[in-house]
Number of protein chains: 2
Amino acid sequence: MARTAIIGLLAAASLVAQGIVDLTRSPYAKLHPVPVKAVRLAGGFWEPRRQVNVEKSLPGMLELLEAHGIVDNFRRLSGRKQGPRQGPLYTDSDVYKWMEAAAFVLQSEDRPDLTSALDRLTDDIVAAQEPSGYLNTYYQDDRAKLRFTEMYRSHELYCLGHMLQAAIARYRADGNRRLLDAGIKFVNYLVSEFGPEKRPLLTGHPEFELAVIELYRVTGNKAYLDLAGYLLSGVERDRLKLSESQIAYMFSGKPFTSRPEFEGHAVRAMYAASGAADYYIETGDAAYRETLDRLWTDLTARKMYITGGVGSRSDGEAFGEAFELPNLAAYTESCAAIGNMFFNFRMLQATGESKYADVIERALYNGIDSGMSLDGTLYCYRNPLASTGEKIRNPWYDTTCCPPNLQRVLASLPGYFYSTNRDGLYVHLYDQSELTWKLEDGTPIRVRQDTKYPWDGSVTLAVSPEQPAEFTLFLRVPGWSRSTRITYPGGSVTAPAGKYYPIRRTWRPGDVVQIKFDSRPQLIASNPRLLENWRKAAVQRGPLVYCLEQQDQAGEKTPFDLSLTAQAKPFAEEFRKDLLGGVLVLKHVGLADSKPTMEQPLYEGIGASQATPTAPAELVFIPYYSWANRGASAMAVWIRLK
Amino acid sequence: MARTAIIGLLAAASLVAQGIVDLTRSPYAKLHPVPVKAVRLAGGFWEPRRQVNVEKSLPGMLELLEAHGIVDNFRRLSGRKQGPRQGPLYTDSDVYKWMEAAAFVLQSEDRPDLTSALDRLTDDIVAAQEPSGYLNTYYQDDRAKLRFTEMYRSHELYCLGHMLQAAIARYRADGNRRLLDAGIKFVNYLVSEFGPEKRPLLTGHPEFELAVIELYRVTGNKAYLDLAGYLLSGVERDRLKLSESQIAYMFSGKPFTSRPEFEGHAVRAMYAASGAADYYIETGDAAYRETLDRLWTDLTARKMYITGGVGSRSDGEAFGEAFELPNLAAYTESCAAIGNMFFNFRMLQATGESKYADVIERALYNGIDSGMSLDGTLYCYRNPLASTGEKIRNPWYDTTCCPPNLQRVLASLPGYFYSTNRDGLYVHLYDQSELTWKLEDGTPIRVRQDTKYPWDGSVTLAVSPEQPAEFTLFLRVPGWSRSTRITYPGGSVTAPAGKYYPIRRTWRPGDVVQIKFDSRPQLIASNPRLLENWRKAAVQRGPLVYCLEQQDQAGEKTPFDLSLTAQAKPFAEEFRKDLLGGVLVLKHVGLADSKPTMEQPLYEGIGASQATPTAPAELVFIPYYSWANRGASAMAVWIRLK
């Protein structure tokens with residue numbers, strides 16, 4: 001296959017050191033995330049999850065992708081395999097997402113098995129690419145004439161976006177640019193063939209926008225940024241004859257800057273907002289910033305679950321109306337919570353505001369972490385906030401977008417912990433870990449976190465610049481910490497919640513900062529418009545939302561038969577090493593309905609029902625992320641409060 | 001077109017006097033409903049609705065059916081019109097349902113315009129029928145080879161069922177049997193071609209079962225009853241290779257008697273249960289009765305809205321799990337509430353038990369009556385129990401099943417009021433009206449009801465057999481009437497709720513019975529498993545469920561910003577002749593959140609939220625059926641209780 005001429009890549013030596021996104025030259029980035037490889041997680045909360053991902057999830061998913069013929073879809077195009085194409089039209093993206101996850105692992109550690117798997121897959125993929133650069137296993141071969149004719153559903157750019165992200169992650173891991181060159185070739189084909197004066201282009205499922213902007217960051221080729229801007233501009237609405245309902249569902253096809261609120265398919269909307277945030281970071285376009293702010297407020301004030309999950313409706317996998325956040329019926333696709341994290345990660349870098357990191361933490365510890373089983377082999381597509389006990393975790397889905405998406409998040413997780421700016425270093429997340437990186441003035445620095453976070457609210461940071469250096473350490477104080485004490489060499493302060501607390505001083509090797517967050521359990525109430533939550537409470541402890549699972553309750557009472565009571569000291573805490581990989585359990589003496597709710601009347605005059613007898617009962621809460629790891633069981637986050 | 005030989009109809013003279021169903025010869029019917037024409041509604045609650053239906057709804061819907069080409073679908077097959085077939089594959093049924101409604105009107109009154117419209121439509125329909133008897137505008141012409149090959153979706157038997165019901169209603173109105181003969185011809189074709197030893201048959205959308213059993217009642221041809229039994233038996237599951245999900249969705253395709261609960265498409269399930277009840281009434285099959293009882297309990301103890309609406313999920317227009325009854329998201333299709341009424345009407349005749357009449361009344365006065373606008377021109381497809389103000393009523397739907405279904409219910413309503421049995425006369429419903437009929441011993445009888453029901457709980461019945469006669473008058477005491485006083489010649493009793501109160505005596509012309517139901521407003525609570533209703537109340541007064549509509553509230557507060565409070569005398573009553581066709585309004589001094597809920601935080605620690613300030617506010621309740629008649633407005637049935 002002819003190798004097309006591509007433009008040179010930016011200084012290769014520095015590229016392998018770049019983060020999940022590379023904002024080093026982005027004019028409107030307030031912060032710059034550190035590379036994935038700069039942070040080593042070590043034996044705390046997340047490292048076992050990351051390890052299971054590497055050891056179990058990634059090998060298992062590659063086997064399943066092979067077993068379902070999803071990789072063969074590439075091989076059949078080069079004649080390496082025979083037989084019909086398998087799976088829905090967007091399956092290429094699942095291979096790419098797996099590859100991106102594997103490549104992120106390589107940014108953290110040497111894994112020859114993953115390297116050779118990536119090489120083999122890359123070989124099969126590149127062999128399937130057409131000379132023009134076009135590559136999509138559904139629209140090659142017998143469906144070639146449908147190419148770019150049904151973009152509202154085709155996922156052609158979606159798949160390419162995931163290919164680019166995999167290629168960039170690989171390139172940043174070890175400099176291997178084989179997939180990257182193939183991706184650039186396809187993008188160059190798009191640049192030459194599509195645009196306002198040429199053929200119309202559409203991202204029917206947004207995702208390509210953030211990928212092609214990252215490609216711009218890798219290559220410096222402004223045509224790629226402009227292509228993203230063109231897609232976000234929605235100018236092709238008329239030429240493509242898009243309907244109102246398509247535009248709502250796709251969250252694409254009309255000017256992004258005309259969006260008053262989130263609607264439609266939640267993953268599409270989150271990816272679109274992530275891409276638009278990337279576009280703002282590069283252009284500083286005020287209309288984008290206003291829109292992003294408006295959408296963020298819509299999301300966090302009206303449309304987000306307490307778990308960070310988004311997208312309440314199964315119908316269209318879509319956002320509901322404002323405050324339409326049912327628990328049992330919640331759709332809350334794992335991919336949508338991940339999209340929420342991506343969106344907030346970009347807003348955080350754009351602004352340096354802690355409220356975005358709070359949403360990242362909320363989604364990560366709850367609605368994302370719930371998506372993968374503790375043993376790394378089963379996945380939630382939906383992450384509801386209540387269940388009567390249906391099976392929620394499966395090894396494989398026909399639309400298997402969520403499993404490799406969870407895998408790439410866990411593999412890239414070290415890259416979410418820190419950012420730098422001219423003033424110093426931002427600490428976004430807390431966990432047992434070590435940062436080895438440099439300040440923006442070039443001073444090498446190590447930061448070691450010693451903590452049992454999130455089980456314990458104490459964090460010790462050993463801050464060691466290579467030599468004494470004046471800079472600001474920005475410590476995120478989560479919104480949930482009602483009182484926070486920070487002690488550092490020469491000072492001790494009470495820091496306000498929901499902000500970065502800045503400590504500017506001359507830091508010396510070995511300086512120690514002690515943080516005490518208030519991680520005691522809290523009862524959370526929600527807006528009365530959340531119709532299922534009136535006079536109910538959720539239990540949150542630190543960043544973790546808790547839940548009641550039926551099998552932990554005495555007499556296997558369902559969570560729907562139990563009530564919380566208002567008490568001065570409502571919760572006893574017990575760390576159970578043996579349970580669910582080690583969790584801190586919360587116990588509360590509440591009430592159980594004496595007659596199971598299943599047997600209570602459907603409707604009755606008030607008076608009778610007020611007298612429903614109850615008896616004291618111990619309620620045992622576990623972290624939401626750990627539910628459904630012991631077989632099917634009823635579960636609820638929001639519990640009646642009496 | 002050749003006229004096939006058909007078996008003779010049962011004594012034609014008596015047929016025109018038959019009711020909605022004719023149970024006069026049904027061995028397992030405990031009760032026998034009176035004919036539609038035996039009851040004349042007169043100026044009470046329902047007659048204005050029935051009249052609007054005749055004057056506005058029926059003419060308007062026929063115009064729309066013509067304007068959308070739905071009638072032309074028949075004409076194009078006989079060459080009377082050209083052009084492509086219009087609408088989804090089941091549109092024939094909408095014409096038939098309209099015809100059934102018109103025919104029911106003819107059972108009550110002479111309407112030459114409707115008679116001639118029916119004649120014209122019948123002419124077009126019969127002209128489209130194939131010589132074999134087959135008739136379906138979607139599967140004739142170019143789709144003929146798909147006939148009976150995709151019955152899980154084809155609606156072929158569904159459309160035929162509606163054709164039979166229209167034909168029977170017409171035949172019972174004026175003896176005209178032209179459509180009936182055409183229907184019999186099609187059914188005879190089925191009988192000859194399909195069955196266990198022949199080709200397999202399936203009702204992909206149940207409805208045909210009740211229609212073909214009614215045809216058995218009209219003709220006495222047992223082959224028709226057996227055909228229904230064959231379809232309900234589900235024996236063709238394997239031959240048709242039906243999947244579990246199809247069987248769940250269709251509520252058909254496996255033995256009806258193996259059904260543990262309601263699931264799947266709610267209208268299908270309700271029609272299937274109605275047909276199975278008809279089958280029980282004819283056969284007395286104990287397995288059917290057990291299944292019907294089990295399903296009825298599942299429905300009324302776990303899956304029915306307080307409005308009588310059923311089917312909570314928009315996804316698949318389906319039942320949810322037990323207690324999955326969301327308010328804002330409620331699907332509650334008008335057709336499903338109607339199916340609920342049909343099912344309970346048949347169970348009532350089978351058993352004589354008042355609990356079935358209670359459900360009929362609940363559905364009729366609430367979840368069905370809400371389906372048609374007060375002016376008879378707009379229809380709800382969904383009947384949710386809360387709304388943030390979306391447009392809910394439309395003159396037409398692409399799937400326009402609900403409008404003519406509502407029309408046939410209103411047109412046939414007089415037929416639901418009374419039944420007879422050997423012992424005497426059952427009164428199921430109360431309204432200003434006159435019955436002119438006969439007891440089962442042949443004694444002519446008139447019963448005049450004088451009442452302002454449901455606005456007032458007093459009913460005066462003038463019971464006038466032509467000559468003195470000993471029989472039992474069974475008066476339904478609704479489950480909602482907490483105390484009921486019945487005074488009759490020579491006695492006065494307090495009657496228990498939720499039963500028929502029997503008065504056996506020798507009745508003389510002009511005897512008067514006075515009933516005083518307790519129709520004072522009640523606060524209703526629901527099972528805690530109804531997650532949206534915890535610590536909320538619905539207001540019910542007599543059979544009417546009430547709601548708060550935004551435009552009635554001071555300052556246009558939304559119902560989500562208002563709370564009920566527990567009070568000794570909670571409601572003031574005011575009959576407003578000028579409002580919504582005349583409704584009794586309920587007023588309550590409750591509380592309003594000082595800060596609108598739209599602006600309150602999504603989540604916050606308890607303590608803060610408990611302190612949400614409130615101020616006294618007057619809550620103005622209107623009957624649920626009358627909502628959304630003054631433009632879009634937020635609405636709620638279940639109101640926070642403080």
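This is a predicted model: local features need pLDDT of at least 70, side-chain atom pairs count only at pLDDT 80 or more; totals for chains, interfaces and linings use all residues.
Local features need pLDDT of at least 70, side-chain atom pairs count only at pLDDT 80 or more, and totals for chains, interfaces and linings use all residues. Residues are numbered from 1 along each chain as its sequence is written, chains are lettered from A and ligands numbered from 1 in the order in which they are written, and side-chain values use heavy atoms, without hydrogens and water.

**Exercise 1.** Determine how chain B is related to chain A.

*Solution.* Step 1: superpose the copies by least squares on the C-alpha atoms of residues with pLDDT of at least 70 in both.

**Exercise 2.** Describe the interface of chain B and chain A.

*Solution.* Step 1: with contact taken as heavy atoms within 4.5 Å, chain B contributes 47 residues and chain A 47 residues. Step 2: 100% of the interface residues of chain B are also interface residues in chain A, so the copies meet through the same surface. Step 3: the buried area (accessible area, 1.4 Å probe, lost by two parts on being put together, summed over both) is about 4400 Å², and carbon and sulfur atoms give 59% of it. Arg529(B), Leu602(B) and Tyr603(B) supply 19% of the area that chain B buries against chain A, more than any other three residues. Step 4: two salt bridges (a side-chain nitrogen of Lys or Arg within 4 Å of a carboxyl oxygen of Asp or Glu) cross the interface. Arg529(A) forms a salt bridge with Asp561(B), with the closest N and O atoms 3.6 Å apart.

**Exercise 3.** Characterise the contact of domain 1 of chain A with domain 2 of chain A.

*Solution.* Step 1: an automatic or database domain assignment divides chain A into domain 1 (3-382 + 391-417), domain 2 (420-516) and domain 3 (522-641). Step 2: domain 1 of chain A gives 28 residues to the contact and domain 2 of chain A gives 27 residues. Step 3: these two domains bury about 2100 Å² between them, 57% of it on carbon and sulfur atoms. Phe45(A), Glu361(A) and Phe417(A) supply 27% of the area that domain 1 of chain A buries against domain 2 of chain A, more than any other three residues. Step 4: two salt bridges are counted between domain 1 of chain A and domain 2 of chain A. Glu361(A) also forms a salt bridge with Arg476(A), the closest N and O atoms being 2.8 Å apart.
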